[in-house]
Every structure is written in structure tokens, then in C-alpha cells.
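Subject: Structure to look at

Hi,

Here is the structure I promised you. Have it open while you read my notes, and click on the residues as they come up.

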Amino acid sequence: MAQVGHEVRVFDIDAAKLAMLARGIPPFYEPGFQELLQSTLASGRLLFTESPKEAIEGAQLHFVCVGTPQQQGADAADLSYVEAAFQAVVEHADRPGLVVGKSTVPVGTAERLSNSLSRPDKVCELEVAWNPEFLREGSAIADTLKPDRLVFGVTSESAEGLLVEVYNEILEGGIPYITTDLATSEMVKVAANSFLATKISFINAMAEICEVAGADVVTLSRALGYDERIGARFLHAGLGFGGGCLPKDIRAFSARAGELGAADAVSFLREIDKINLRRRERLVSLVGSAFSGDFLGRHIAVLGAAFKPNSDDVRDSPALNVAAAMHLKGASVRVHDPQAISNAKKMFPTLTYCESIEDACRDADLVVLATEWSDYRVIDPKEFSEIVRRPVLVDGRNALDHSLWTQAGWKVYALGRGKLNR
Ligand code: UDX
């Protein structure tokens with residue numbers, strides 16, 4: 001928002017994060033973010049404050065961008081942060097304004113929150129709009145400044161007008177926008193993430209069949225992807241999806257559908273979730289088959305800890321999940337990641353972490369490719385066959401050129417590649 005010319009004041013309950021951001025240091029890894037942060041700070045249009053009052057007073061729009069994690073012990077979303085943020089706006093707003101939700105919420109939340117916005121003194125009218133966020137980690141800046149579309153859930157023409165004005169510079173690039181009611185705008189986000197999760201689990205279900213039928217999921221995926229009705233994106237078979245969004249969003253959607261009496265409509269999402277989790281078990285069993293089922297004392301290198309490349313996010317990371325599972329089976333697991341090691345250490349402190357790919361692979365009995373960072377695509381299999389104890393590779397992301405690896409003397413296993421694993 002500061003980049004496109006607005007005056008922005010940011011409040012967060014995490015003072016340490018605010019302090020870093022105010023100094024131009026991103027509290028997480030995201031390509032290009034540091035440069036953007038520093039240039040917008042230098043413009044004077046971006047301010048970080050520990051005072052909610054300072055952030056809220058005088059603003060025309062209040063963007064609520066807080067997390068909605070999965071509740072402890074339940075599938076539903078935890079809305080306490082969204083509710084607290086709305087309450088802060090109600091408490092400190094000193095003029096009429098639009099409270100714009102960006103958080104992913106169960107359908108019906110925006111309407112419920114708009115009923116909580118009135119203040120007894122009625123000093124100022126606050127209105128709710130919903131403007132779901134579709135950015136992906138790793139390409140967050142491009143996704144924000146050049147999104148595929150913008151969605152405005154509003155209850156008045158003036159709210160739509162204000163959002164069009166705020167996003168003017170982005171919309172001028174020819175980006176389509178859709179104006180709709182609050183409930184539909186909330187639905188767009190969860191439906192999009194459910195569709196993406198379904199597409200990934202679909203190809204991973206095909207991978208399961210390929211494995212038993214001796215077929216090849218990578219070729220299958222390419223052949224399907226050329227069909228324009230299907231499309232090649234998000235059809236990459238491997239360890240499946242993780243992260244802070246897809247897994248919890250499909251669960252929260254199922255939970256909300258149940259509350260609305262429509263559980264059957266999305267009961268397939270449970271299957272999507274199960275297919276996804278089965279990939280992690282399958283990878284561990286592939287590794288086990290290379291060891292005749294005996295993990296005890298084996299040295300395993302796991303390349304990748306983040307849930308996807310170009311991110312240091314390890315929330316529900318398939319890579320870390322399989323690393324931990326193999327550790328629990330008695331293997332000695334050494335994990336490498338270009339960016340996510342410090343986050344991974346906090347989540348799984350008992351695993352061993354290595355600063356270099358070579359250190360992780362030294363004397364390994366087997367190497368698992370778990371996150372497809374570009375650093376791993378350029379590994380020279382010949383050189384690495386000298387470093388490891390046994391040249392055995394399990395490609396959990398179908399990201400490497402297997403012919404190069406086999407030519408260099410490696411035994412290669414991969415998910416969904418029937419012939420390869422025999
Ligand atoms: C997702 C949505 O894409 C984004 O629109 C939303 O705002 C937030 O959630 P993100 O969690 O950053 O974004 O990651 P995404 O690129 O969607 O990948 C999710 C997971 O699916 C990753 O673990 C990735 O490795 C996996 N994936 C993706 C596959 O396994 N196969 C694919 O073909 C694509």
C-alpha cells in the first residue's frame with residue numbers, strides 16, 4: 001500500500017517484529033521484501049508502531065491482516081486475532097471508516113463482525129468490507145502488486161468506490177476485479193484454496209495408482225496439463241501440500257460447512273487431506289524399502305525443511321514431517337535448507353541441521369529431496385557420489401533429472417514413478 005502511494009501505519013501485537021520491520025529488516029524470508037520494505041520506509045509513507053491508537057486514529061481504511069490458524073484440538077479456524085483487531089479499531093477509530101478484512105475466515109464472519117462495530121457513543125460509523133488475500137509465499141510481492149484478480153466484498157457503493165480508489169494504481173495495470181457481497185468474497189478464498197488442494201491431491205492420487213501400475217506420474221501430469229481445460233499448474237506430484245494455508249483452510253471449510261448443515265457438500269475435502277498426508281507415509285516407506293525396513297542407525301540427508309521453496313515457513317511442512325518420522329524410526333537424520341533452518345530448529349529441535357548441502361550428505365546412506373529449492377537442482381550427482389556412503393536418492397518432489405543421477409551411479413527412487421521404484 002505504501003508502494004502504491006498511500007500513507008500506511010502498521011500495528012502488530014508482536015513488538016519484536018515491529019522493531020525489526022521499523023529498521024528495515026524482514027522478520028521472515030521473502031524474495032524482494034527487504035528491498036521493498038527499505039524503499040517504502042525511506043519514502044516516509046510507512047510507519048510501524050506499537051500503539052494501536054497511533055495506527056488507527058485518522059485512518060480512512062483499516063486493513064485487518066491477522067492470522068486465522070487452526071484451533072487447538074479442532075478443525076475450525078481460531079478467530080480470536082481477527083476479533084481482537086476489530087475491537088481495537090472500534091476502540092480507537094475517531095472518524096468514519098472502512099474496516100477491510102484480508103484474513104481468511106469462515107463464511108459468515110464478516111457479517112457477524114459488522115454487527116459488532118457499533119459504539120455506544122456512535123461518534124463514528126464503521127463499515128465492514130472483505131478483500132481476500134491470494135498471495136503465495138515466495139512470490140508475495142508480485143502476487144500483491146500484480147494479482148490475478150481483486151475481490152471486493154462490500155455492502156455499499158461507497159465502500160466499493162473507496163477500495164477501487166485505494167487499489168487504483170494496481171487496477172490500472174488491467175487487473176480484473178469482482179465486486180460482490182461479504183459472504184461470496186469470503187467463499188472465494190476458501191473455494192480457491194480447496195480447488196488448489198484438490199488439484200494437488202488429484203495428481204498425487206494418480207501417483208498412487210502409477211506406483212502400483214508401473215506407470216509414470218510425471219509424464220501423465222505433462223500429458224494432462226496440455227489440455228487447456230485442465231492446465232499444467234498445481235499438477236505437480238510429490239510430497240504434497242503443507243504450509244500455513246492450504247491444510248488448515250480446507251479443514252476450517254469442512255468445519256464451517258458442518259455448522260451450516262452442508263457437511264456433505266465438501267466431504268471430499270477429507271479425502272483430499274488424507275491423500276495428501278498419505279504421500280508423507282509413502283515417502284517414508286520408500287526410504288524404508290531401500291533399507292529393507294530397517295532405519296536403525298542409518299544416515300539420512302534430508303534436503304529441504306520449508307514447506308515450499310523460496311520460503312522459510314515450516315508450518316505443516318511435508319519435508320520436516322518426513323524428516324521427523326524417519327528420526328523417530330531410529331535413523332540419524334541431517335537436514336539442510338537454504339533459509340528455514342532456524343524456524344525448523346524451533347519446531348523439531350532434536351533433528352540435526354547442517355549449514356551446507358555437503359555436510360548434510362556426508363557419509364549418508366540415502367539422500368531425500370524434500371523441498372525443491374533451485375540449489376538442489378544444480379547438485380552435481382557425480383561429485384556427491386564421492387561424499388555419500390551409498391549413492392541412493394529418493395526424490396520426494398520429482399524435481400531432479402533422474403537420468404543424470406543414474407548415469408552417475410545413483411539408485412533413484414521417486415514418488416509416483418512405478419518403474420523407477422522396482
Ligand atoms: C496458498 C495459495 O496458493 C495462495 O493463493 C493463498 O493466498 C495462500 O495459500 P502458499 O501456501 O504460499 O499459497 O503455497 P502454494 O504455492 O499454494 O503451495 C502450497 C503447497 O502445495 C506447497 O507445499 C507446495 O509444495 C505444494 N504444491 C504446489 C504441490 O505439491 N504441487 C503443486 O503442483 C503445487
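This is a predicted model: local features need pLDDT of at least 70, side-chain atom pairs count only at pLDDT 80 or more; totals for chains, interfaces and linings use all residues.

Residues are numbered from 1 along each chain as its sequence is written, and side-chain values use heavy atoms, with hydrogens and water left out.

**The annotated binding site**

An unreviewed UniProt entry lists a "binding site" that includes Phe134, Arg136, Glu137, Lys189 and Lys308. UniProt positions are in the numbering used here, feature names are shortened, and annotations may be inferred rather than shown by experiment. The listed residues spread over 175 residues of sequence, and in space they reach up to 24.2 Å between C-alpha atoms.

Take Lys189, which sits in helix α9 (residues 182-213). Helices here are DSSP runs (H or I, at least four residues), as are strands (E, at least two), both numbered from the N terminus. Is Lys189 buried or exposed? Its relative accessible area is 9%, so Lys189 counts as buried. The cut-offs are under 20% for buried, over 50% for exposed and in between for partly exposed (1.4 Å probe, protein chains only). Leaving aside neighbours within four places in sequence, Lys189 is in contact (heavy atoms within 4.5 Å) with Thr104, Pro132, Glu133, Phe134 and Asp249.

Lys308 lies in the loop between β8 (299-303) and α13 (318-328). Lys308 is partly exposed, because its relative accessible area is 23%. Not counting residues up to four places away in sequence, Lys308 touches Arg136, Glu137, Thr371 and Trp373. Zoom in on Glu137: the side chain of Lys308 reaches the backbone oxygen of Glu137 at 2.7 Å.

Setting aside neighbours within four places in sequence, its contacts include Leu303, Lys308, Ala319, Tyr376 and Arg397.

The unreviewed UniProt entry also gives residues 301-402 as "domain: UDP-glucose/GDP-mannose dehydrogenase C-terminal". That span is 34% helix and 19% strand, and its end C-alpha atoms lie 18 Å apart.

Which residues of α13 are buried? They are Pro318, Ala319, Leu320, Val322, Ala323, Ala324 and Met326. An α-helix has 3.6 residues a turn, so residues three or four places apart point the same way. What covers the buried residues of α13 includes α12 (268-290), β8, β9 (332-336), α14 (341-347), β10 (352-354) and β11. After α13 comes Gly330, with a positive phi near 105°.

**Two other spots**

Leu145 belongs to helix α6 (residues 140-145). With 30% relative accessible area, Leu145 is partly exposed. Beyond its neighbours within four places in sequence, Leu145 is in contact with Gln3, Val4 and Ile170. Leu145 and Val164 are 19 residues apart in sequence and 14 Å apart in space, C-alpha to C-alpha.

Val66 is in the loop between β3 (61-64) and α4 (80-92). Val66 is partly exposed, because its relative accessibility is 31%.

Have a look and tell me what you think!

Note on methods:
A polar contact is a pair of N or O atoms within 3.5 Å; within protein, one must be able to donate a hydrogen and the other to accept it, and residues adjacent in sequence count only if both atoms are side-chain atoms.
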